[in-house]
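Colleague: I would like to learn how to read salt bridges and strand pairing in a model. Please take me through one case.

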Amino acid sequence: MFDLPDSWVWDFWFADDGEQYHLFFLYASRALHDPERRHYRASIGHATSLDLVEWTRGPDALVRGDAPAFDDLATWTGSTVRHPDGTWFLFYTGASLSDGGKNIQSIGYATSSDLVEWHKAPHPVLNAQAPWYETVDSGAWHDEAFRDPWVFPDPEGDGWHMYVTARAPHGPVEGRGVIGHAWSADLREWELREPLSVPSDDGFGQLEVVQVEVVDGRPVLLFSCLAEHSMPSRRPAAGGTWAVAADSVLGPFDISRAEPLTGDDLYVGRLLRRRDDGRWLLFAFRNRGDDGHFVGGITDPMPVEWVEGRLAVREALAGRRS
């Protein structure tokens, strides 16, 4: 697993340059004592690996900006992709505080030629806007949720898509979480589009750290949400990471079909296809220990497979079958 003795590690994502795997992760010093304080002290670290088990930490990728800036509170979760011209783009969440002290989230990016030294674009490229997305003015939620960008190329070569953790301005408060959507021709200029899911009485208040992949020929959407941020019908499952089988990586996505992929002991599940054998693997950060307290640190890879129409972790299946 990837762990730091002096820091909490939580949300993360990967890039593969064809020779090494790159891990980008949020971390904050344990000198804060209370892990709940980590969110507003988050920086984006960087590590590399040849086998997805042993990791070598390198220089940090990004830190928060100087005020006033859209990321002067913290730099949060994102994704990393490579432009056809060879430039790497790291999309990330910039957090700042409103005049009323609420967290406002926007999407920015940085570029690099080597995945090590990054240069931020000066301004955000996307933020929550009516009529499709809830803003802080509604007062319905504890922040203006517009974060965790997942960027991927259009399957037919028509530019790039970005999926975002967002909320609709209508529906039950704890069921308003939706998959925000934007499109770009060049990764630099983005067009905000309507969400690819709808609020639901059987839904979630937030669909955190979204990801879409085609696993063994079947499209699947991953997101994370804990029981306390979901509709009552979802709480008995005590899920952490959820999976939704889909017809296409381009949606739309029926969130009512979400099935728990992990319990709430693991959070922010990420899928990665291992280069040498094509095996799809799940990683997550350790969220809650046996005592209910936050743990931190990223797991070793866990193989996944389809079972009766739902994605499942192989080790968990083996435990249930024994």
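**Salt bridges and a hairpin**

Modeller: The structure holds 19 salt bridges, each being a side-chain nitrogen of Lys or Arg within 4 Å of a carboxyl oxygen of Asp or Glu. This is a predicted model, in which local features need pLDDT of at least 70 and side-chain atom pairs pLDDT 80 or more, while totals for chains, interfaces and linings use all residues. Residues are numbered from 1 along each chain as its sequence is written, and side-chain values use heavy atoms, leaving out hydrogens and water.

Colleague: Which residue forms a salt bridge with Glu208?

Modeller: Side chains of opposite charge can pair when their charged atoms come close. Here Arg147 is the partner of Glu208, with the closest N and O atoms 2.8 Å apart. The pair links distant parts of the chain, 61 residues apart: Glu208 lies in strand E15 (residues 208-215) and Arg147 in strand E11 (residues 146-153). Strands are DSSP runs of E, at least two residues, numbered from the N terminus.

Colleague: Are Glu208 and Arg147 buried or exposed?

Modeller: Buried means under 20% relative accessible area, exposed over 50%, and partly exposed in between (1.4 Å probe, protein chains only). Both Glu208 and Arg147 are buried. In the salt bridge between Glu36 and Arg38 (4.0 Å, N to O), Glu36 counts as exposed because its relative accessibility is 53%, whereas Arg38, at 5%, counts as buried.

Colleague: In which sense do E1 and E2 pair?

Modeller: Two strands pair if DSSP finds at least two bridges between them. E1 and strand E2 (residues 21-29) have eight, in the antiparallel sense. They form a hairpin with four residues between them, and Gly18 in the turn has a positive phi of about 95°.
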